[in-house]
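This report describes a protein chain, beginning with a single residue and then turning to wider features. The reader may wish to keep the sequence and the structure in view throughout.

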Amino acid sequence: MQAILRSTRTTLEMIKWEHSIFALPFALTGAFLAARGLPSLRALFWIVVCMVTARSAAMAFNRLVDADLDSANPRTAMRALPAGLLSRSFVGGFTVLMCVGFVIGASMLNRLALILSPVALAVVLGYSYMKRITRWSHVVLGLALGIAPSAAWIAVRGSLDWRIVVLTCAVLLWVAGFDVLYACQDFEHDRKVGLNSIPQALGLNGAFWVARIMHAGMLALLVWIAFLFGLGLIAKLGIVVVAGLLFYEHSIVSPQDLRRMNAAFFTLNGIISMLYFVSVATDLIVY
């Protein structure tokens, strides 16, 4: 029992389960937009189950696929698999268990959610191979998180509306932008081992400009979403605050100084996703 508890604790640390805060608020935003207010508690429960299991499967699979690469990178060498804290078979079994949980959760929502569940898994698991193929792997990661609001819309309505795809595109650009910045930490390592990334291809200055353009595009799409769904003042003020936080995020890191990258990547982006959800949900409930 102690061994199981220890492995479970290490697994939760490995998949960074607390970082579900990045995608979950955007999924909830999609659900609230679909319901034009508060969705049913049953739908919310199964949406959360699907989000947690899908992300957990994706993170565990990524650690499994990248175990050898992580062991060669000083920044990641102490992760659970390279450090020998977990076995490959345990992580593989955990991944399968989370995938099964995701499909079960989708089946509890509606028929379309169940039909599309393998597609969603293919996207979130497929990201793990992208750095071996293309410098635009950041965009695939963005898509993996960006499908959350569209999936939640399907979960609530059993169909898809093109307007929610705009939010998917906004989340895609947001995630891709901050992943480009985060990848700057591995710039030298990626070049040495031949992994693809925007920093590896364009250098640090070029990568920062790509991230800035992506985040500017995200803000433009959030403004469009406010008009598409007829959102009011509270949601629009939320967008203004999000813009301010993104500006601050870019101000505390630079190509010459990456020391505050974790603060920009984890803390600020978690605040951004939560703040946007709260502003939209409040707006929909109040108005």
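## A serine in a loop

In this predicted model, Ser197 is found in the loop that runs between helix H9 (187–193) and helix H10 (198–228). Is Ser197 buried or exposed? Its relative accessible area is 0%. Because buried residues are those under 20% relative accessible area, Ser197 counts as buried.

Two kinds of neighbour can be described for Ser197. A polar atom of the side chain of Ser197 lies 3.0 Å from the backbone nitrogen of Gln200. When neighbours within four places in sequence are left aside, Ser197 is in contact with Arg135, His138 and Asp190.

## Two packed helices

Two packed helices are described by the angle between their axes and by the distance between those axes. For H10 and helix H11 (residues 233–251), the angle is about 175° and the axes are 10 Å apart. Angles over 145 degrees count as roughly antiparallel, and H10 and H11 are therefore roughly antiparallel to each other.

Which residues make this contact? From H10 come Ala211, Arg212, His215, Met218, Leu219, Leu222, Val223, Ala226 and Phe227. From H11 come Lys236, Ile239, Val242, Ala243, Leu246, Glu249 and His250. The residues of the contact of H10 with H11 comprise eleven nonpolar, two polar and three charged.

## A positive phi angle

Most residues other than glycine have a negative phi. Arg36, a residue other than glycine, has a positive phi, near 55°. Where does Arg36 lie? The position of Arg36 is in the loop between helix H2 (24–35) and helix H3 (41–65).

Arg36 has a relative accessible area of 43%.

## The chain as a whole

How many helices and strands does the protein chain have? There are twelve helices and zero strands. Read from the N terminus on, the elements run α-α-α-α-α-α-α-α-α-α-α-α.

The protein chain has 287 residues, and buried residues make up 54% of them. Among the contacts in the protein chain with a separation of 6 or more, 73% are accounted for by residues 24 or more positions apart.

Terms used. Residues are numbered from 1 along each chain as its sequence is written. This is a predicted model: local features need pLDDT of at least 70, side-chain atom pairs count only at pLDDT 80 or more; totals for chains, interfaces and linings use all residues. Side-chain values use heavy atoms; hydrogens and water are left out. Helices (H or I, at least four residues) and strands (E, at least two) are DSSP runs, numbered from the N terminus. Buried means under 20% relative accessible area, exposed over 50%, partly exposed in between (1.4 Å probe, protein chains only). A polar contact is a pair of N or O atoms within 3.5 Å; within protein, one must be able to donate a hydrogen and the other to accept it, and residues adjacent in sequence count only if both atoms are side-chain atoms. Contact means heavy atoms within 4.5 Å. Axes are lines fitted to C-alpha atoms, for helices over the stretch in contact, and angles run from 0 to 180 degrees between N-to-C directions. Angles under 35 degrees count as roughly parallel, over 145 as roughly antiparallel, 65 to 115 as roughly perpendicular and the rest as oblique. Ala, Val, Leu, Ile, Met, Phe, Trp, Tyr, Cys and Pro count as nonpolar, Asp, Glu, Lys and Arg as charged, and the others, Gly among them, as polar.
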